Amino acid sequence: MTADVAVLGAGMHPWGKWGRSFVEYGVAAARSALADAGVDWRQVGSIVGADTVRGGYPGYVAGATFAKALGWQGARVTSVYAACASGAQAVQSARAQILAGLADVVLVVGADAAPKGFFRPAGGGRPDDPDWLRFRVLGATNPTYFGLYARRRMAVHGDTLEDFAQVKVKNAAMGALNPNARYRKRVSAREVAAAPVVADPLRLLDICATSDGGAALVLSSMEFARRHGVDRPVRIRAVSTVTPRYPNTVLDLPDIATDAAPAGASTTETFRVSIARAAYEEAGIGPEDLSVAEVYDLSTALELQWYEDLALCGTGEGAKLLRDGATALGGHIPVNVSGGLASFGEAVPAQAIAQVCEITWQLRGEAGDRQVSGASVGITANQGLFGHGSAVIAVR
Amino acid sequence: MVAGWFTGHGDDFRLLGTRCSACAAVFFPREDAHCRNPGCSGGELLEVPLSRRGRVWSYTDSRYRPPSPYVSDPELPWESYALIAVELEYERIVVLGQAVPGVNATDLAVGTEVEVVPGVLCEDAETIWTTWHWRPAEVTR
Ligand SMILES: [Zn+2]
């Protein structure tokens with residue numbers, strides 16, 4: 001078990017399609033987090049940026065880009081890229097610097113201006129890139145992978161289209177309560193069923209959109225927090241960034257094939273399960289201790305998968321947990337009370353940071369109409385392309 | 001485009017992978033540089049044909065035109081195709097592929113036996129790009 005770091009501040013730029021640069025979203029989120037922390041930017045000893053591609057420039061340069069926009073003040077700088085797990089790696093880097101005594105206060109920022117429609121790989125002929133290959137050889141978009149997972153759940157666990165729709169109904173109802181969410185309208189199961197199919201069996205409203213958005217955190221040592229007059233901060237207790245274990249036998253984005261299962265081998269722990277397990281072990285906390293969870297609902301069906309991977313219920317029991325109302329606001333383990341990606345959409349470098357922002361507000365009791373009463377322990381879960389795991393556990 | 005991923009014609013068509021001579025791990029797409037088994041000190045990677053048949057692990061389709069680098073004619077209306085993830089019976093490796101034209105998601109079920117057949121990915125004035133397709137086995141039996 002590692003030592004805690006304090007979350008002094010959290011901030012976001014509202015998500016949507018704003019048509020502006022990622023720098024604007026990131027700086028707005030950063031200023032909001034600094035104001036929330038009551039910390040002057042010049043007190044920040046280190047800035048960590050979760051990277052995006054800057055239009056027209058072949059670089060991933062987020063840390064220094066945000067530092068320049070906020071005003072050069074000599075802070076240590078780090079930029080990290082880990083696809084959808086970039087934000088968690090930014091948090092990990094900040095935490096490691098604090099625990100190593102390299103910095104007392106670290107600003108973590110992620111922001112993006114996403115393209116419309118399907119995500120697609122960078123241009124050119126690049127057959128050494130698995131992400132390029134799956135598009136070129138198969139036309140396999142991200143939603144087709146979500147469709148594969150959904151169909152598999154239907155066949156193995158008996159999930160229904162109605163179960164999937166109810167995830168959207170739940171998340172949209174919670175997103176309607178969140179001023180930072182892009183979609184703030186409740187959705188009915190009938191509307192989900194009437195939406196066009198994108199990748200069988202999933203419909204447009206089962207799949208998250210691409211979005212613009214930004215999120216930021218101010219993290220510090222516990223000692224700095226005390227000196228700063230914050231006696232009982234939200235604390236980060238675990239950051240899981242594990243990779244899969246060979247053989248990885250569940251087909252994952254962006255791969256065309258799995259590893260071969262050795263003869264006679266029974267099923268091994270899946271990657272997503274190992275992401276959560278590593279976080280629980282590091283925190284010394286179990287699923288029974290959780291008050292709230294933010295999971296990566298790229299599709300409605302995938303949210304049900306995370307219930308099982310986080311051990312909120314047994315294998316195959318995800319839909320039942322949902323039907324019982326356990327994961328809704330007021331249930332015993334509310335999931336995606338922010339509204340989730342269903343209500344926010346994907347702004348890749350920001351989303352894992354945004355999850356921690358929501359947990360922070362929940363643990364402080366500042367989440368307004370979507371507050372989980374008495375929340376004291378929260379987990380986030382997310383996964384990046386190419387084997388990037390991501391989960392954060394925060395406590396208060 | 002994906003040199004060495006498949007070979008042969010008709011009933012002799014096979015996906016090609018590689019097998020490590022030290023630990024017997026099989027890889028597809030082929031690994032030619034390093035064995036990816038973390039417990040293996042590394043053997044010679046030898047080309048092997050994969051099983052022709054397997055069972056549907058899952059399936060879906062593509063109702064909207066995928067972006068480039070997928071090649072499709074923007075002049076023609078989009079026709080969706082099914083994508084099938086197949087667990088090969090001997091290697092127990094799950095390989096994704098397009099279904100043969102005419103087979104839709106409604107024709108499929110998890111567990112159905114399918115076999116690998118040659119197919120056309122796309123063609124232009126100079127080249128016909130070949131690929132592999134999955135075909136339900138009962139179609140030919
Ligand atoms: Zn080997």
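This is a short walk through a predicted model with a zinc site in chain B and some helix packing in chain A.

I will start with the zinc ion. Which residues coordinate the zinc ion? The donors are the SG atoms of Cys20(B), Cys23(B), Cys35(B) and Cys40(B), at 2.3 Å. Their spacing along the sequence reads C-x2-C-x11-C-x4-C. Within that set, the pair Cys23(B) and Cys35(B) links distant parts of the chain, the two being 12 residues apart. Cys23(B) sits in the loop between strand S2 (14-20) and strand S3 (26-27) of chain B, and Cys35(B) sits in the loop between S3 and strand S4 (45-49).

Why is the arrangement around the zinc ion called tetrahedral? The four donor atoms subtend angles of 104 to 114° there, and four donors count as tetrahedral if all angles lie between 85 and 135 degrees.

Now chain B as a whole. Its secondary structure has zero helices and nine strands, and along the sequence the pattern is β-β-β-β-β-β-β-β-β. The C-alpha atoms fill a box of roughly 50 × 35 × 30 Å along the principal axes. Of the 141 residues in chain B, 48% are buried. If you take the contacts in chain B between residues at least 6 apart in sequence, 52% of them join residues at least 24 apart.

Next, chain A, and two helix pairs. Two packed helices are described by the angle between their axes and the distance between the axes.

H5(A) passes H10(A) in a left-handed crossing. On the H5(A) side the contact is made by Tyr149(A), Ala150(A), Arg153(A) and His157(A). On the H10(A) side, the residues are Ala301(A), Leu302(A), Leu304(A), Gln305(A) and Glu308(A).

Glu358(A) is in helix H13 (residues 348-364) of chain A. At 1% relative accessibility, Glu358(A) counts as buried. What does Glu358(A) contact, leaving aside neighbours within four places in sequence? The partners are Asn178(A), Glu294(A), Val337(A), Ser338(A), Ala367(A) and Arg370(A).

Ala100(A) is in the loop between helix H3 (86-99) and strand S4 (105-113) of chain A. With a relative accessible area of 55%, Ala100(A) is exposed. Between the C-alpha atoms of Ala100(A) and Gly331(A) there are 39 Å, and along the chain the two residues are 231 apart.

Definitions and conventions:
Residues are numbered from 1 along each chain as its sequence is written. Chains are lettered from A and ligands numbered from 1 in the order in which they are written. This is a predicted model: local features need pLDDT of at least 70, side-chain atom pairs count only at pLDDT 80 or more; totals for chains, interfaces and linings use all residues. Side-chain values use heavy atoms; hydrogens and water are left out. Donors are N, O and S atoms within 2.8 Å of the metal (3.2 Å for Na, K and Ca); water is not among the atoms, so sites may look incomplete. Four donors count as tetrahedral if all angles lie between 85 and 135 degrees; four count as square planar and six as octahedral if opposite donors are over 155 degrees apart and all others between 65 and 115; anything else is irregular. Helices (H or I, at least four residues) and strands (E, at least two) are DSSP runs, numbered from the N terminus. Axes are lines fitted to C-alpha atoms, for helices over the stretch in contact, and angles run from 0 to 180 degrees between N-to-C directions. Buried means under 20% relative accessible area, exposed over 50%, partly exposed in between (1.4 Å probe, protein chains only). Contact means heavy atoms within 4.5 Å. A crossing is left-handed if the near helix is turned anticlockwise from the far one by less than a right angle, and right-handed if clockwise.
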